[in-house]
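Welcome! Please take a moment with the sequence and the model below, and then we can walk through some of the strands, loops and pockets together.

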Amino acid sequence: MRLPLEAVPNFSEGRDRATIAALTDAVSQHARLLDVHTDDDHNRSVFTIVGDEASLTSALLAGVGSARERIDLRGHEGAHPRIGAADVVPIVPIEPADAERARATAVALAERIGRELQLPVFLYGDAAPGRGPAFFRRGGPVELQRRIDARELAPDFGPSRLDERAGGVIVGARRPLIAFNVNLATDDVDVARAIASVVRESGGGFPGVRALGLLLPRAGHAQVSMNVEDYEAAALHEIVERIESEAAAHGTAVSGSELVGLMPAAAAAAAAGSALRIDGFAPSRVLELRLLEQDAGLD
């Protein structure tokens, strides 16, 4: 059984319901929409869609086109870094064997965004090894345009100037990750930043974890915002335990957590097994996952 590809486009709008509805309509006309996660403080919406190469490409072109028309970065403010109205558009292989299929789809999509929508497009992940979204977001659109003008980097497709309203688009292919946020019982952003520096890989923390400490003024608390890029190497329950420990050391506590979009069933099963203290637990012990594995093997 050939599984679909997944796409998780991030649009820089989490407040205006009419714009979010327009984006939803644009992508769902072409591919299967599984989830929409919006956040007022991040001022961002994360869509999860699945389909084959053609349907995903059509859906993403429509979504990026809608964002280009409706989102104006000149008046945008939010906690999450961004360089575009359609900020990042990852193509994700659900099965590891489909990694090249996802990469080829991402490159073809990037070329069409640059040519048809006339937006600068920057490749990342498996489509441009060694570069992640943070490489382009550093300093925001103004700094990115300066780097382009200084010939420190160039768009892979499209014009060499960021669109005045819509900025640029980061497109790539990557393995499944978990976007996971942990909220703190404090509004001290310095505490969140200190904890983020301990848990992220670059600070000697968990492998494959990218983390930022953010203040969410509308929600009234600080947050450790993470991408867990290898949930097998960095289990969610272990990350939460470390954040709880660090929070306690700073005189505060974890007040809750938040899943952005969807997560692999195996990651949820592993966390559940640990919480229940089941010795030798593995995702293959979950009935539905075992059935899916057997069904896939029959095709």
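## Strand E8, covered on both faces

Strand E8 has both of its faces covered: Ile178, Phe180, Val182 and Leu184 on one side, and Ala179, Asn181 and Asn183 on the other, are all buried. Here, buried means under 20% relative accessible area, exposed means over 50%, and partly exposed lies in between, using a 1.4 Å probe and protein chains only. In a regular strand the side chains alternate between the two faces of the sheet. Seven of the seven residues of E8 are buried, so this strand is largely enclosed by the rest of the structure. Strands (E, at least two residues) and helices (H or I, at least four residues) are DSSP runs, numbered from the N terminus.

Before going further, please keep in mind that this is a predicted model, where local features need pLDDT of at least 70, side-chain atom pairs count only at pLDDT 80 or more, and totals for chains, interfaces and linings use all residues. Residues are numbered from 1 along each chain as its sequence is written, and side-chain values use heavy atoms, with hydrogens and water left out.

## The partners of E8

Which strands pair with E8? One is E11 (residues 254-260), which pairs with E8 in the antiparallel sense over six bridges. Two strands count as paired if DSSP finds at least two bridges between them. Asn183 has Gly256 in E11 as its bridge partner.

Another partner is E10: strand E8 (residues 178-184) and E10 also pair in the antiparallel sense, over six bridges. Along this pairing, Phe180 stands opposite Met226, and Asn181 has Ser225 as its bridge partner.

Strand E10 (residues 221-228) has seven of its eight residues buried, so E10 is largely enclosed by the rest of the structure.

Is strand E7 (residues 169-173) largely enclosed or open? Five of its five residues are buried, so E7 is largely enclosed by the rest of the structure. Val169, Val171 and Ala173 point one way from E7, while Ile170 and Gly172 point the other way.

E7 runs parallel to strand E5 (residues 86-93), to which four bridges join it, and Pro90 stands opposite Gly172 there. E7 also runs parallel to E6, with five bridges between them, and Val121 stands opposite Val169.

## Two loop residues with positive phi

Asn43 has a positive phi near 50 degrees, in a residue other than glycine. Asn43 sits in the loop between strand E3 (32-39) and strand E4 (44-51), and counts as buried because its relative accessibility is 5%.

Gln118, another residue other than glycine, has a positive phi near 55 degrees. The loop that holds Gln118 lies between helix H3 (99-116) and strand E6 (121-125). With a relative accessibility of 45%, Gln118 counts as partly exposed.

Asn10 belongs to strand E2 (residues 10-11) and is buried, at 12% relative accessibility. Its side chain reaches the backbone oxygen of Val8 at 2.8 Å. Leaving aside neighbours within four places in sequence, Asn10 is in contact (heavy atoms within 4.5 Å) with residues including Arg44, Ser45, Ala85 and Asp87.

Glu95 is found in the loop between E5 and H3 and is partly exposed, at 30% relative accessibility. The C-alpha atoms of Glu95 and Pro4 are separated by 9.0 Å, although these residues are 91 residues apart along the chain.

## The second largest pocket

Rolling a probe the size of a water molecule over the atoms shows where empty space is left. On a 1 Å grid over the protein atoms alone, a pocket is an open set of points where a 1.4 Å probe fits, with protein on both sides within 12 Å along at least five of seven lines, and lining residues have an atom within 4 Å of a point. The second largest pocket has a volume of about 170 Å³; grid points are joined across faces, edges and corners, and a volume is the space filled by probe spheres set on the points.

The lining includes Leu73, Arg74, Pro141, Arg161, Asp163 and Gly167. How do the lining residues divide into nonpolar, polar and charged? There are four nonpolar, two polar and five charged residues. Ala, Val, Leu, Ile, Met, Phe, Trp, Tyr, Cys and Pro count as nonpolar, Asp, Glu, Lys and Arg as charged, and the others, Gly among them, as polar.

Notes: Polar contact = N/O pair within 3.5 Å; in protein donor to acceptor, adjacent residues only side chain to side chain.
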